[in-house]
Amino acid sequence: MIDDSRTATPDALYIHIPFCRAKCSYCDFASYPGMEHLLEPYVAALCTEISSLPARGWPIRTVYFGGGTPSLLSLPQVDAVLSACRSLAPLHPHAEISFEANPGTVDEAYLRGLLRLGVNRLSLGVQSLNDAELRSLDRIHTADEAKEAVATARRASFGNLSLDLIYGLPGQSVARWILNLEQALALLPDHLSLYALTVEEHTPLARAIACGETPAPDDDVAAAMYEAAEDLLAAAGYDHYEISNWARAPGLRCRHNLVYWHNQPYWGVGAAAHSWWAGRRYHNVPHPGEYIRAIQAGRSPLDGEERIDTPTEMGETAMLALRLREGLPFAAFLRRYGRSARYVFREAISECREAGLLEADERGARLTRRGRLLGNEVFGRFLRDAQQHRMEGGHRRLVRIGLTGNIACGKSTVAGMLADLGAMVIDADKVAHQVMRRGMPVHRRVVDRFGEGILGNDGEIDRARLGAIAFADPAALRDLDAIVHPAVIERVEQMIAAADPPPEVVVVEAIKLIEAGMRHAGDSLWVVTCAPETAVGRLMATRGLTEEQARARLAAQGSDAEKLRLADVVIRNDGDLEATRREVQAAWRRTVARASSGNNG
């Protein structure tokens, strides 16, 4: 999830094979029976599209043949497609190459041939191990044929075998579902995908339910089936790594699908295939004939695309991550988007925790057992918060205030004025103390990110010199721990443990990390700093220095002039506090107006 989908080059490739022997009653996928005569030109078109992908040379880490029924391809056709992939880019030495197949369409020779070509993961669409249920779904295989397909795959030496099953079928009892699962477990699969039946419009199943020929699925019974599956598979030692997916060991998780759940970029080729890259989500024409004609005519097969803005992507990343057992990791989200997930999704997290759907700690947020049953309720709230973040002008803006004038009062005074306007004010020295209580070494040569020393003559942290910060949104942070992001603390602890570089440099880096964490915590961060004239007056008043001595000390530090040049707002403070207050208020109004209009320049 750390990779940025807008800049990272996809290393995952989905290949859609839209052909099938017969259309299942529940199927709403882009799959077409009775068109196998198009297989040869379709494969040629696939190879052409693969060769036209806009980036080359990166190692492909996952390839997924999905459908439809990819096992309708001949071995030479599979070879041609994989050869096109290798011509585009080298396959990673440990690339996962998955291949969907239907029982009844494969034999041992075919499966051994797939292995020779590099396919190393087989996904069998079993769906049920009950013949009556298979007939109701219009599947072309029997339960015995499904079991024989598993045995054949093992004889062919497939070491990574996944089975798909559907539950919540019309009239299916919990007891019959458990029997299905027990039979599946007896086959010792390496991976299981269990999907609740979804009744899609315009399918034969939907029409049968609408006219009363078939009972509608019972959501409560389906929930009981899901919970029974969780218990049964946990007892069998399977790793429940995603809402609908279990692996016999962590290394047997579907790596290609993890790309989707981490919302990382991927290519999709073939009819109806979708791609996600560089802020665009796009898809090809759905019909294989139309797809072939477009490729043969030298036209793009694209049928549509949409631009995904950052707030939408953040919501989708959170939603997809929550499908995983590990949930939404706050540190990774922060690194990817430069925003705190705890802030962006604060309402969703609060509501879902209160409803018992979510648990959250300093590391991240995860669905509870109840939350996995009601995942759509959770996902909807996270998507809502992401859109709300856009309307709030959710891109953060760092505002630097430079103070000029020859008086001693400065940063703390202005921070107090910001607090009076409704800002949440946090003293940066308190943040430093928070880290030090966790083992941060302190050294006299510590400098903050502006290059100014933070220790006074008495060895104590000087609040005025380290600075004060204020957040424009009073709801941005509720307590000090919310500022010091766990990723910051973790990094600090790693540096301390390494003891390299020396302690004083460790502290410098720690302060930089802390301030980075602060910038990610809210929409607008106000850093109050001061210019040389103010600093001279302060040093004369607080240290008993002459003006010449004060200026000499500032010259040695060499940072204040640079700070003033970097300031977004320069406020003169010559002792007229009311005038200063008016300038602060005006700066505040301008920043809030920019945030509200979405101009975060």
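Hi everyone. Let me begin with a definition: two strands pair if DSSP finds at least two bridges between them. Keep that in mind for strand S5, residues 91-101, and strand S6, residues 121-127, because four bridges join them, and by that definition they pair. The two strands run parallel. To pick out one spot, Glu-100 has Ser-123 in S6 as its bridge partner.

Before going on, please remember that this is a predicted model.

So where do S5 and S6 belong? They are part of an open sheet of nine strands, in the order S9-S10-S8-S7-S6-S5-S4-S1-S11, with mixed pairing. At the edges stand strand S9, 239-242, and strand S11, 267-269. Each of these has a single partner strand, so one side of each is left without a neighbour in the sheet. On average, neighbouring strands of this sheet are turned by 20 degrees against each other, direction ignored.

A helix packs on this sheet too: H6, residues 174-186. Helix H6 touches strand S7, at 161-167, and strand S8, at 191-196. The direction of H6 makes about 175 degrees with that of S7.

Let's step back to the whole protein for a moment. It has 26 helices and 22 strands. There are 601 residues, and 55% of them count as buried. If you take contacts between residues at least 6 apart in sequence, 74% join residues at least 24 apart.

Take Cys-20 as an example. Is Cys-20 buried or exposed? Cys-20 counts as buried, because its relative accessibility is 5% and the cut-off for buried is under 20%. Cys-211, on the other hand, is partly exposed, with a relative accessible area of 48%.

One last residue, and then I'll stop. Gln-77 lies in helix H2, which spans residues 75-88. Gln-77 has a polar name on the slide, but what does it touch, leaving aside residues up to four places away in sequence? The answer is Leu-39, Glu-40, Val-43 and Leu-72. With 8% relative accessibility, Gln-77 counts as buried.

Notes: Residues are numbered from 1 along each chain as its sequence is written. This is a predicted model: local features need pLDDT of at least 70, side-chain atom pairs count only at pLDDT 80 or more; totals for chains, interfaces and linings use all residues. Side-chain values use heavy atoms; hydrogens and water are left out. Buried means under 20% relative accessible area, exposed over 50%, partly exposed in between (1.4 Å probe, protein chains only). Contact means heavy atoms within 4.5 Å. Axes are lines fitted to C-alpha atoms, for helices over the stretch in contact, and angles run from 0 to 180 degrees between N-to-C directions.
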